[in-house]
Amino acid sequence: MRAHDPQRELLPIASGRDTARLLVRRFRRRPAVAALAITAFLLTGAAGIVAPRALGAIVDRVQAGGDSGDLTVPVLAIVVAAAVGAVAAAAAVAALAQATIPVLADLREDVLDRSLHLDSGQLEKAGTGDVMARVGDDVRTVTDSLDEAVPLLLTSLTAIVFTAGGLFALDWRLGLAGALAVPGYVTALRWYLPRSGPVYRAERVAQGERAEALMSTLEHAPTIRAFAREAPALGEIDRTSVNARELALRTFWVLMRYGARMNRAEAIGVVIVLTAGFVLVREDVVTVGAATAAALYFHRLFNPIGGVLFVFDDVQSAGASLTRLAGVALLPEHDDRAEALGAPARLELRGVGHEWEPGTPVLHGVDLVVEPGERVAVVGASGAGKSTVAAIAAGLASPTSGRTFLSGRAVDELGSATVRRHVAVVSQEVHVFTGSLRENLSLAAPQADDEALLAALEVVGARRWVTSLPEGLDTRVGSFGHALTSAQAQQLALARVVLLDPPYVVLDEATAEAGSSGARDLEVAASQIVRGRTALVVAHRLTQAQSADRVVVMDHGRIVEQGTHDELVATGGRYATLWHAWSGT
Amino acid sequence: MRTSRQILFGPLTRNAGLIACGTPLIVLWQLCEALVPVMIGVTIDVGVETGDLGPFLLSCLAIAVIFTFLSYGYRFGATFMNRAVQLESHRIRLEVAGQAVLPADDPKLAGEWLSLATADADKVSLLVRQFGFTVASVVTVGATAVYLARTDVTLALVILFGVPITVGITQLVSPVVARRTEREQAAIARVAGLGGDLVAGLRPIKGIGAEDAASGRYRASSRAARASSIVTARSWGYMTGLTTVVSGLFLAVVAWLAGSKAMEGDLTLGELVAIVGLTQFLAEPIALLGALTAQFAASTASARRLHTALASPVLILDGPDRLPAGVPRELRLRRATTSSLTEVDLTCGPGQLVAVVCDRPASADSLIGLLDGSVRPDGGAVTIAGVDLRSLAAADRRATLLVVPHEASPPEGTIRTAIDPDGTLDPATLDEVLTASAGHDVVAAHPDGLDHAVRSGGSSLSGGQRQRLTLARSLAVAPPVLVLRDPTTAIDAVTEQQIATGLQSRLGRDTATLVVTTSPTLLAAADHVVWIREGRVVRVAPHHVLQEDPRYREEVLR
């Protein structure tokens, strides 16, 4: 877990009220289960208070000198309560799950759906850190709490309420005596809460740092070995692990001191209830049985009260995570459908200027037309604005000034689904999705059959290595799976474009990450997929420029030269210099 | 080499002191827990029933004392045990990390090492705590048995056999619940993993408009986990229900038996209360003993995994030979042969920039492997200053030779620490290596310049930026022999030209530089190019000479 930069917070957080409203609305979709859960919890609580009362009755009958026949009723009561309590407890846990788990599942699905549909421009600017935290940590926190903390909290609260009721039902004075234990517990909680938040937070941060240190060493072991940095890397693990250990010990100590305060409250409570019993029995107000039942009631409260007080933190942090999930789930639903762009696929950038950060323009008045079926290569030094042109041409970013047109239609007036259906982008960012090769490909075309997938692999020159894998398309790739080279990963990305079959393609250094031998295969693949499409290719290898229909040279956010490769070489300008240096001619 | 048993019991022997302090305190705590219901019974017996104030106050005092011992016993006992657990898991974690950075014959995935260094390290160290609780539970059950036997032998037998039976009945279903829980947790982990994976691939997804397909995939996985969660919760419900009914029925039996005995005058009221209370209490240590068996099995499994990982063979890259003083640090391959190289001869001396062009990635991999020691030659040798690399002392190898992997990436820190992790470079040298690696552009691209934060693995930088920082770092090390593999694949042609010039300018430093590449720009900057086809050296000549061969042109200029 990385301490994240508040400025990178990109998604909204819902207020407590909005979160509650959202949850209530969703629970209402399953009124029967919710009602069953409530009823079952009430029954569990009621059944739970029978046994101590019955034992009190046994004490009274023993004291009154009855025979064993007198035991029938209280013993039967314990049996019946056990049976009823068992059925109710089973129903309560199951119904609670049935009521809450689908709500959580819907919520996480909505959160991911909204996250995937976030505006690209915003994402480019803000990064994916916050989205990752919501989809990962927040979903996990809430899921874990539904597994343990919430059922425990509800069961314990029910037991507490009913047992308190049972105490009062025995005799109101015994009930009052029990109530006198409350301040002890409140004091313990008030001591604990302000301390627990900071220590748990510090511990989580330290554990995050430790995981980070471990992971960055384990993932980059070859680099660490090459540069002989083993000692500092292990030193960092040692430092973060010691820090996490010391904080864990501190947290544990706080927890122990909290436990001691609860023990104190328990001891005071037991003594007060016994004293009340002693006095009331002496005054002949209650029976010895009632005093016994009261003490037993109180003794039975130890676990539920401990349960409530110990899960308090979990429930609190689950609540915070819920507001962060609700914030995303409450984002407006996107309902845009792809429409067809009839006209020939011409891409136009008109007077496009752009600033990622206000005040630092990276593009100035770029005019660029890519004719239908034309392949245009963009060349220039890093920072020349090539990737920004690619992002704007692909409709992933809205230009600060100027406009973009696809088939004569202004991009800012088309829905994003339409743009995405028509323009495919492959960047140098390689990502292999965890799952099978088939799943990696079918993202682009969920309906495609194996034949179509293999045909797409054939186009990008990947069919041979895929079919030579023992499990073929079923081979697991991504984390923990079969390791792919970056060239292979990028071939998959290009095969997805083949499956999508869009009229426009934007390749932003799509062949950059591979080693040199792999790069050649990728370039062949890339030239296959741009064939017959309107293509803008940000090129880092000049061979890509050489084979393009037209070359555009950029410098400091402007187009400084354009023409065919041969024209530009003949002109003897900037591109010609580059080409000579590169080709050694 | 330690056995898996030594790994398992190591935490106990190493922390004998802490355990010796902690265990008696944990025992004290649990005995006092058992005494609470007994004392409630005694108080009812001697105080509430009789109405005598003196004995009543005395027994209340006893309750207070019991609570004091109980509270401090747990607080300090658990703290001692916890300290031992934490010390151990830290120790094992470092041991695993130390093994993970060694070069292995059969490398594991980072995820596997991570799970060994966290989950398995924790599970093995938890044995310390399990030990304390096992001793405490056994002692408490024994003490309770003695108390009950002294009170009433029949009842004692019923309770001492009955409690384990009731616990046993509920444990009968617990494997089912455990299995379902495991399945559920796996399903939830899959959902979480899938979500993180899709967000990590958000840009590629958006690039092909696959948001809905991705969302649908997540939904399917989430639904499966949801179904699994509900099934698991239902089985938890059954288990709760079963526990409730079995313990309730057993309580009824004990209440009936003890009630009858009390009516016959065999038991006092207080003993009746104490017996009922103990019956309920005993379920705790006995269930704990049951759970401890499962935990012990988990610790054993973890110890076995740790043993396998820690005993896995590593490549030992160390030998007895030192580099002779005064001999030029010349890198040389003599008839070096591997599965993808055949009798390759190659020389790269101080001040030289030699490039290698391989037609097949496997040959390039093999060449790099020979140099970094991960591949052993089947024939021939690799030498530096005449000393075979395999018999060279590790210290000398490290001080002389730097083989930069293609996938090298900067560590977490800043641009400055990515180039100069120890902060030892003077400003002039830093400027020099930045110029040679075209790294000034990377610095200028960020408003905070050299202090710009770099995430682990350089994930916040572009591929080209990463490669330039890696190059700058390699040049800053200034080793006598520098080997680079495809250092500029993500770098544009303009910048590549700067780097080629930069590498040439570093030659005055007597560095022997070997670059495996097919970039014409770098090849043109090299003194000569070793051209390898199908594993054999075809020709050694300057780039411009080799370019006359159309096959060479096709390989590097396609």
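Domain bounds, as used in this tour, come from an automatic or database domain assignment. With that in mind, select chain A, which is divided into domain 1 (1-170 + 314-335) and domain 2 (347-583); the C-alpha centres of domain 1 of chain A and domain 2 of chain A lie 49 Å apart.

What you have open is a predicted model, in which local features need pLDDT of at least 70 and side-chain atom pairs count only at pLDDT 80 or more, while totals for chains, interfaces and linings use all residues. Residues are numbered from 1 along each chain as its sequence is written, and chains are lettered from A and ligands numbered from 1 in the order in which they are written.

**Stop 1: two helices of chain A**

Select residues 129-170 of chain A, which form helix H6, together with residues 288-329 of chain A, which form helix H11. Helices (H or I, at least four residues) and strands (E, at least two) are DSSP runs, numbered from the N terminus. H6(A) and H11(A) pack at an angle of about 155°, with their axes 5 Å apart; axes are lines fitted to C-alpha atoms, for helices over the stretch in contact, and angles run from 0 to 180 degrees between N-to-C directions. The two helices are therefore roughly antiparallel to each other, a term for angles over 145 degrees, whereas those under 35 count as roughly parallel, 65 to 115 as roughly perpendicular and the rest as oblique. Where H6(A) meets H11(A), the residues of the contact divide into 24 nonpolar, eight polar and five charged. Here Ala, Val, Leu, Ile, Met, Phe, Trp, Tyr, Cys and Pro count as nonpolar, Asp, Glu, Lys and Arg as charged, and the others, Gly among them, as polar.

**Stop 2: a hairpin and its neighbour**

Move to residues 347-357 of chain A, strand E1, and residues 401-406 of chain A, strand E4, which pair in the antiparallel sense over five bridges; two strands pair if DSSP finds at least two bridges between them. Within E4(A), A:Arg403 is the bridge partner of A:Arg350. On to strand E5 (residues 409-410) of chain A, which is joined to E4(A) by two bridges and runs antiparallel to that strand, with A:Phe405 opposite A:Ala410. Two residues lie between the strands of this hairpin of E4(A) and E5(A), and A:Ser407 takes a positive phi near 45°.

**Stop 3: the six-stranded sheet of chain A**

Next, show the open sheet of six strands in chain A, whose order is E6-E9-E10-E3-E11-E12, with mixed pairing. Strand E6 (423-427) and strand E12 (558-563) of chain A stand at the edges with a single partner strand each, so one side of each is left without a neighbour in the sheet. From one strand to the next, the twist averages 15°. Inside this sheet, strand E3 (residues 375-380) and strand E10 (residues 534-538) of chain A run parallel and are joined by four bridges, and A:Val378 has A:Val538 as its bridge partner.

**Stop 4: chain B and the contact**

Finally, colour the residues at which chains A and B touch: the contact takes 136 residues from chain B and 140 residues from chain A, two residues being in contact if their C-beta atoms, placed from the backbone, lie within 7 Å. On the side of chain B that touches chain A, the largest share, 31 residues, comes from helix H8 (residues 211-263) of chain B. By class, that side of chain B has 72 nonpolar, 43 polar and 21 charged residues.
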